[in-house]
Amino acid sequence: MLSLIAAAGCGSGNVVLPNPTGNYSLASLSGSYVYQIHGTSNLGPYREVGVFTADGAGHINGGSDDFAVGGLFSNSITGTYTVAGDGTGFLTISPTALGSITFAITLTNSSKLYLMEAGILADGAGVAELQSSASTAPSCTFVFRLHEIAASSGQSSVSEVGAMTITGGAVTGSLDQNLGGTSSQLTVASGTFNAPSALGRGLASFTDNTSAVTSLIYYVVNSGKVALLVSNAGAVESGSAEAQTGAVGNGLSGSYAFGSRGDFGNFYDAAGTVGQFAASGGSISAYVNDAMQLGSYSNASYTGSYTTQPSGRVAVSLNSGAIQEVFWMVSPSRAFFMVSDPSRVEDGTADLQTVGSFSAATIKGQYAIVMDGIDLSPEILARIGTAQFDGSSKLSVNELVNASNTGFGATSPGGLGGTYTVASNGRATGTLSGATGSLTLVMYAISGSDAYALQVDGGTNTSGTIELQH
């Protein structure tokens with residue numbers, strides 16, 4: 001248990017916590033859900049993408065699981081699940097590359113849930129979303145984001161963001177790539193997206209102008225979103241693509257909250273960043289971020305500039321050119337982005353903030369929370385559960401934590417209670433403690449319903465999201 005206590009931090013005290021609430025049940029999970037998981041297992045780092053069908057009565061009646069871990073393993077799955085009134089529970093599927101897998105889950109609503117590996121053979125986290133239009137082949141311009149970790153000697157981490165146009169199954173497009181610290185612009189010379197099966201699972205590939213071929217397994221979430229798993233030999237890489245809409249040629253405009261994560265060489269998940277910036281007319285003002293890199297915390301602010309292309313590609317220059325980032329606009333209110341940095345490979349998402357001025361009253365209610373990454377024990381560290389904000393200053397978290405070195409899988413460290421503050425730009429800080437330790441969070445709100453979150457306790461690198469349950 002010492003490792004679990006160390007993962008939570010240092011501290012003590014008796015905390016009186018409000019009970020989690022909600023009206024969730026087995027029936028809240030009904031239909032087919034596309035899931036994406038990233039983590040590390042006894043076989044090595046992995047990426048997992050698939051779909052499961054829940055019957056609303058505790059049974060997983062079917063589905064498909066694709067698991068990349070030193071090779072690609074594809075299986076048809078069945079399973080079971082539980083859901084408590086607060087939206088938490090467990091979901092078990094089998095067979096997979098690791099045999100039977102159990103996830104701890106927290107629902108945000110009947111269309112979305114977060115997942116955390118709960119067993120001792122794997123540690124990681126992800127999300128599942130209700131599927132629709134499963135048999136409809138992707139067809140339009142999609143903005144995509146892919147991340148590959150250096151899973152073995154001789155490999156390099158890779159970030160890719162770009163846009164691909166799919167017409168009649170044929171693919172063209174362009175992308176930006178950070179390959180082990182070397183950034184470049186590439187074109188998608190050719191490619192194909194084959195029609196999906198009834199489960200929404202399909203095969204695709206594209207070839208860039210360096211003749212590199214990326215092979216993909218994809219799952220249709222809906223007509224505007226697909227989950228992606230790279231199936232090249234030895235690759236541990238996944239991501240997603242979303243349909244591009246709106247006047248993306250206008251680029252960034254307004255105030256955005258963002259979250260990103262990445263790798264330092266072979267130290268995967270060793271970088272995490274959350275922040276906020278304002279963009280207008282080619283200028284970036286009030287760019288602030290909180291970052292954890294190799295367990296060390298920093299807070300910084302910058303100004304900068306940006307240029308926009310009709311395709312929705314936005315090149316951002318910060319701190320007199322010392323920091324370079326590339327954004328690809330999914331819509332005027334959302335973008336995927338990549339950091340062009342020779343020392344790290346990091347990418348993320350940015351969303352237009354929908355509140356002009358935030359306060360503690362903006363963030364109120366019970367939120368689903370999921371975070372994962374590493375601490376420098378070293379071990380893999382993930383958490384999932386609910387967080388309750390009272391709209392004034394009090395914050396409590398009820399969670400399960402999977403700290404890989406314990407060998408116990410998902411364990412409750414006990415409830416955490418404390419306080420939070422919210423600045424007008426949406427930056428929120430939460431300081432919590434409990435019988436087994438403490439937790440310090442920095443969050444940047446997109447709205448009163450969701451935020452990017454980062455643990456800023458020394459020696460950790462875990463990040464994720466919070467989202468209001470409803």
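Modeller: On a 1 Å grid over the protein atoms alone, a pocket is an open set of points with protein on both sides within 12 Å along at least five of seven lines; lining residues have an atom within 4 Å of a point. This is a predicted model: local features need pLDDT of at least 70, side-chain atom pairs count only at pLDDT 80 or more, and totals for chains, interfaces and linings use all residues. Numbering starts from 1 along each chain, and side-chain values use heavy atoms, without hydrogens and water.

Colleague: Which residues lie nearest the centre of the second largest pocket?

Modeller: Glu148, Val158, Glu160, Gln177 and Thr214, out of 19 lining residues. Strands S11 (158-167), S12 (170-179) and S15 (213-222) each give two or more residues to this lining. A strand is a DSSP run of E, at least two residues.

Colleague: What is the volume of the largest pocket?

Modeller: About 1,300 Å³, counted as the space filled by probe spheres set on the grid points. The largest pocket has 50 lining residues, with Arg145 and Arg334 among those nearest its centre.

Colleague: What makes S21 and S22 a pair?

Modeller: Pairing needs at least two DSSP bridges. S21 (296-308) and S22 have five, antiparallel, so they pair. Tyr306 is bridged to Val316 in S22.

Colleague: How many bridges join S22 to S23?

Modeller: Six, also antiparallel. Ala315 has Val326 in S23 as its bridge partner. Four residues separate S22 and S23 in their hairpin, where Asn319 has a positive phi of about 55 degrees.

Definitions and conventions: 1 Å grid on protein atoms, 1.4 Å probe; cavity = no way out; pocket = protein on both sides within 12 Å on 5 of 7 lines; lining within 4 Å.
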